[in-house]
Each structure stands twice: as structure tokens, then as C-alpha cells.
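I opened a new structure today and kept notes as I went.

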Amino acid sequence: MSEHRLLIVEDSDEDFQAIQWALGRLERTLPLDRCVNGDDAIDWLSAPPHWPSLVLLDLNLPGTDGREVLGALRADPRTRTLPVVVLSTSASERDVNECYALGANSYLTKPVNFTQFTDQLRRTLDFWLDAAQLPNREAGV
């Protein structure tokens, strides 16, 4: 079984640090790669040094936002099948519907409470990295 990696597309240092802390509390040692804006994420995924098993994508990014990143990933045959979980502070029905229409695999609203955030991250990773069968990297090529 190959080693899982996460790509975190998150501009907030605090939210990125919360993800790192939550992973520590969950005792999940996963290699993390981070992009701080949408342009970096699109560039990084065009020729990634490490292929991620899962992308956690913030919706409200500076410049190229998460919706545009999601659209670009789904338009590219190399990244079309890559699992993308939108992780946003927005609970707007419009945002949720738009992200699913663009091809998000799931949409999660970031809890403010750290314990709830940790539990949400645990359930997400348990599903995507342990229960789900992920596509082969070359599946979209």
C-alpha cells in the first residue's frame, strides 16, 4: 500500500496550524504539502513532486479562489479523479451547491471548536484514507 499524503490549500496560517495540531492529536503521521493560494495549488498539481491522496481545499483564497481551483482540477485529465474535500468557513447553500456542481467530493464547514474540528478531520481521513478505495494516480491520464 502506498503512503498517503495530503495537499492542504489554505491561506490561513492559523487554520493550517489547526490541521497540524489535529493530526497530532489523532496520532496520524501524514506527509503534508501546502499551497497558500489557488494559483500555487494549480501550478503545484500540474507537476507535483509528491502525488496527494487527498486535497483539503479552502474555498475563500486570495486571488484564484477555491471554486476556480476546483474547476481547473476537474478540467485537467491528470487531476480530474483526485479526491477534493472543500473545507470552508462558509455554510452558504449557494457555496455548497456550487462546489458540488464543480466536482467537489465533499464539502465541510470548519467548526470553530477545536475538539469538533479534530473529530471532523478524523472522520474525513478515516473515510478517505482508510475506507474508500482511491483512484490510481494515472486514472485520469
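My entries below go through helix packing, an aromatic pair, and a few loops and helix ends.

**Before starting.** I reminded myself that this is a predicted model.

**Helix packing.** I started with α1, which runs over residues 13-25, and α5, which covers residues 114-131. How far apart are their axes, and at what angle do the helices pack? I got 9 Å between the axes and an angle of about 70°. That makes α1 roughly perpendicular to α5, because angles of 65 to 115 degrees count that way.

Next I listed who meets whom. On the α1 side I noted Ala18, Ile19, Trp21, Ala22, Leu23 and Arg25. Across from them, α5 brings Phe114, Thr115, Phe117, Thr118, Leu121 and Leu125. I sorted the residues of this contact by type and got 9 nonpolar, 2 polar and 1 charged.

**Aromatic rings.** How many aromatic pairs does the structure hold? I found 1. The pair is Phe127 with Trp128, and their ring centres sit 5.0 Å apart. The planes stand at 85°, so I wrote the pair down as edge-to-face, since over 60 degrees counts as that.

Trp128 is buried, at a relative accessible area of 12%. Phe127 comes out at 44%, so I put it down as partly exposed.

I moved to Asn37, which lies in the loop between β2 (32-35) and α2 (38-46). A polar atom of the Asn37 side chain lies 2.8 Å from the backbone nitrogen of Asp40. Leaving out residues up to four places away in sequence, I saw Asn37 touch Val9, Leu61 and Pro62.

I looked up Glu27, found in the loop between α1 and β2. What is the phi of Glu27? I read a value near 55°, which is positive in a residue other than glycine.

Last stop was α4, residues 93-101. Which residue caps the N-terminal end of α4? I found Ser92 there, with a side-chain oxygen 3.2 Å from the backbone nitrogen of Arg94. Just after α4, I noted that Gly103 takes a positive phi of about 110°.

Definitions and conventions
Residues are numbered from 1 along each chain as its sequence is written. This is a predicted model: local features need pLDDT of at least 70, side-chain atom pairs count only at pLDDT 80 or more; totals for chains, interfaces and linings use all residues. Side-chain values use heavy atoms; hydrogens and water are left out. Rings of Phe, Tyr and Trp (its six-membered ring) pair if their centres lie within 6.5 Å; planes under 30 degrees apart count as stacked, over 60 as edge-to-face and the rest as tilted. Buried means under 20% relative accessible area, exposed over 50%, partly exposed in between (1.4 Å probe, protein chains only). Axes are lines fitted to C-alpha atoms, for helices over the stretch in contact, and angles run from 0 to 180 degrees between N-to-C directions. Helices (H or I, at least four residues) and strands (E, at least two) are DSSP runs, numbered from the N terminus. Angles under 35 degrees count as roughly parallel, over 145 as roughly antiparallel, 65 to 115 as roughly perpendicular and the rest as oblique. Contact means heavy atoms within 4.5 Å. Ala, Val, Leu, Ile, Met, Phe, Trp, Tyr, Cys and Pro count as nonpolar, Asp, Glu, Lys and Arg as charged, and the others, Gly among them, as polar. A polar contact is a pair of N or O atoms within 3.5 Å; within protein, one must be able to donate a hydrogen and the other to accept it, and residues adjacent in sequence count only if both atoms are side-chain atoms.
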